[in-house]
Amino acid sequence: MTDVATPTIGGTVEPGFEAVREAFVRNFTDHGEVGAGVSVHVNGRKVVDLWGGVADLSTQQPYDESTLQLVFSTTKGAAAVCGALLFQRGLLDYDAKVVEYWPEFAAAGKAGMPVKYLFSHQAGLPVIDEVLTADQVYAWTPLIDALAAQKPVWEPGSKHGYHALTYGHLVGELVRRISGKDIGTFFAEEVAGPLGLEFWIGLPESEEARVAPLIPSPPPPPEMVEMMASFMGPDSLGGRALSLGGAFAVEGEMIFNTRGMHAAQIPAANGITNARSLSRMYAGCVSEVDGVRLLTPDTVAKVTETLTAGPDQCLVFESTFGLGFMTHGSFTPMLGPGSFGHAGAGGSLGFAHPDSGLGFGYVMNQMQMNLAGDPRAAGMIEAIQSSL
């Protein structure tokens, strides 16, 4: 990390939301922030849009209005929005069997599995037995074929466990089978385009220079190492899910700074965006933004009903999921009951709160050792609550 005790902060804050700026600055002085952005929309209007710090430690390039950031699993919310749109249009039935859209999925006893299990992490497919390389995952079809052939590791619907990397391909293949478009194209045309978002699942080469490299989280304190190894070690279900059985294990987090990773479509983990677009997307789910609203209240109610309970088979903690979205809970605190969205490994977060018409986005390059509940986001959410 670098000394950013007095970062240069750019952007705007509307009167009444000054506390959010103060919390953003404290992230640099108190929480080791290096480069980051935060944005808030209320009832379709942007009220906070801030950025600051350093985008690239090797060049000291500032983290500015044009900086883009890979946001890991925060991408899953974008994939969930794609599914919700297909449901809203009557093209996807969450209660239908997956095989109605994807016949090959019937293998290994999965013929009766409903679509909703793919979205709610109940499918029992967080890992695959086949060993794939990163390049095979980038190619899409090898992982799709492996998932279609895979036997679930638990009885579908009986438990839930975080499908850290398989979620995006499971959902993305449904989007492709129904719409005829890969999920990166569908998201670009149906979500990012109408709302004017700078948000990609599969980044064009022309935007690559804008991406801030991720900085791996500091090593955990000694007292946490053994505990983390027990549920995130390479042989644990959680560890296997997070590395896809080794496909991303060799280079670890730094593979996520490569052009090959950025260009691929991995709708569970490689979305690239900024805080402004993340906030605007979620705002567009619960209110009208410049004349565009993505989801109706009925659709929001459908996809945000919590479908899981009890310990997560991969994360150990209790996680709460609706149809592709994390819902407000102790593992994923947002703005209170009714909130829905998704966090990303290391700290990023995007969510909506329907009752207040709020959309929130936070992105950063300095990762911390967490999958959700990052203290930097938590401080800004607390500031938003006081501002509202």
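Student: Which residues form one aromatic cluster with F87?
Tutor: Good place to start, and keep in mind that this is a predicted model. The whole structure holds 12 aromatic pairs. One aromatic cluster brings F87 together with Y94 and F119.

Student: Are the rings of Y162 and F321 stacked or edge-to-face?
Tutor: Their ring centres are 6.0 Å apart, and their planes meet at 15 degrees. Planes under 30 degrees apart count as one kind of pair, and those over 60 as another. The angle of 15 degrees therefore makes this pair stacked.

Student: Which residues does E305 touch, not counting residues up to four places away in sequence?
Tutor: E305 is found in the loop between α12 and β7. Its C-alpha atom is 5.2 Å from that of G322, although the two residues are 17 apart along the chain. With residues up to four places away left out, E305 touches F321 and G322.

Student: Which residue lies over the face of F105?
Tutor: Look for a charged side chain here, since a Lys or Arg can sit over a ring. The residue over F105 is 4.8 Å from the ring centre, and this residue is K110.

Student: How many residues of strand β10 (residues 358-364) are buried?
Tutor: In a regular strand the side chains alternate between the two faces of the sheet. In β10, L358, F360, Y362 and M364 point one way, G359, G361 and V363 point the other way, and all are buried. The strand is largely enclosed by the rest of the structure, because its buried residues number 7 of the 7.

Student: How many bridges join β2 (residues 35-42) to β10?
Tutor: These two strands run antiparallel. Within the pairing, V42 has L358 as its bridge partner in β10, and H41 has G359. The number of bridges joining β2 to β10 is 7.

Student: Which residue takes a positive phi in the hairpin of β9 and β10?
Tutor: Strand β9 (residues 349-353) is joined to β10 by 5 bridges, and the two run antiparallel. H353 has L358 as its bridge partner in β10. The hairpin has 4 residues between the strands, and the positive phi, near 65 degrees, belongs to G357.

Student: How many residues of β2 are buried?
Tutor: On one side of β2 lie G35, G37, S39 and H41, and on the other A36, V38, V40 and V42. Every one of these is buried, so both faces of the strand are covered. The strand is largely enclosed by the rest of the structure, with a buried count of 8 of the 8.

Student: Which residue takes a positive phi in the hairpin of β2 and β3?
Tutor: Strands β2 and β3 run antiparallel and are joined by 8 bridges. Along that pairing, S39 stands opposite D49 in β3. The hairpin has 2 residues between the strands, and the one with a positive phi, near 50 degrees, is N43.

Student: Within what arc do the buried residues of α1 fall, seen down its axis?
Tutor: The buried residues of α1 are V20, A23, F24, N27 and F28. They line one face of the helix, because seen down the axis they fall within an arc of 150 degrees.

Student: Which elements do the buried residues of α1 pack against?
Tutor: Helix α1 (residues 18-30) should span 18 Å at 1.5 Å a residue, and its end C-alpha atoms are 18 Å apart, which agrees. Just after α1, G32 takes a positive phi of about 70 degrees. The buried residues of the helix pack against β1 (9-13), β2, β3 (45-56) and α13 (375-387).

Student: Is H169 buried or exposed?
Tutor: H169 is placed in helix α6. Beyond its neighbours within four places in sequence, its contacts include W140, L143 and Q265. With 0% relative accessibility, H169 counts as buried.

How values were computed: Residues numbered from 1 in each chain as written. Predicted model: local features only at pLDDT ≥ 70, side-chain atom pairs only at ≥ 80, totals over all residues. Heavy atoms only, no water. Phe/Tyr/Trp six-rings, centres within 6.5 Å; stacked < 30°, edge-to-face > 60°. Lys NZ or Arg CZ within 6 Å of the ring centre and 35° of its normal. Buried < 20%, exposed > 50% of the residue type's maximum accessible area, 1.4 Å probe, protein only. Pairing = 2+ DSSP bridges. Expected span 1.5 Å × (residues − 1). Arc of directions from axis to C-beta. Contact = heavy atoms within 4.5 Å.
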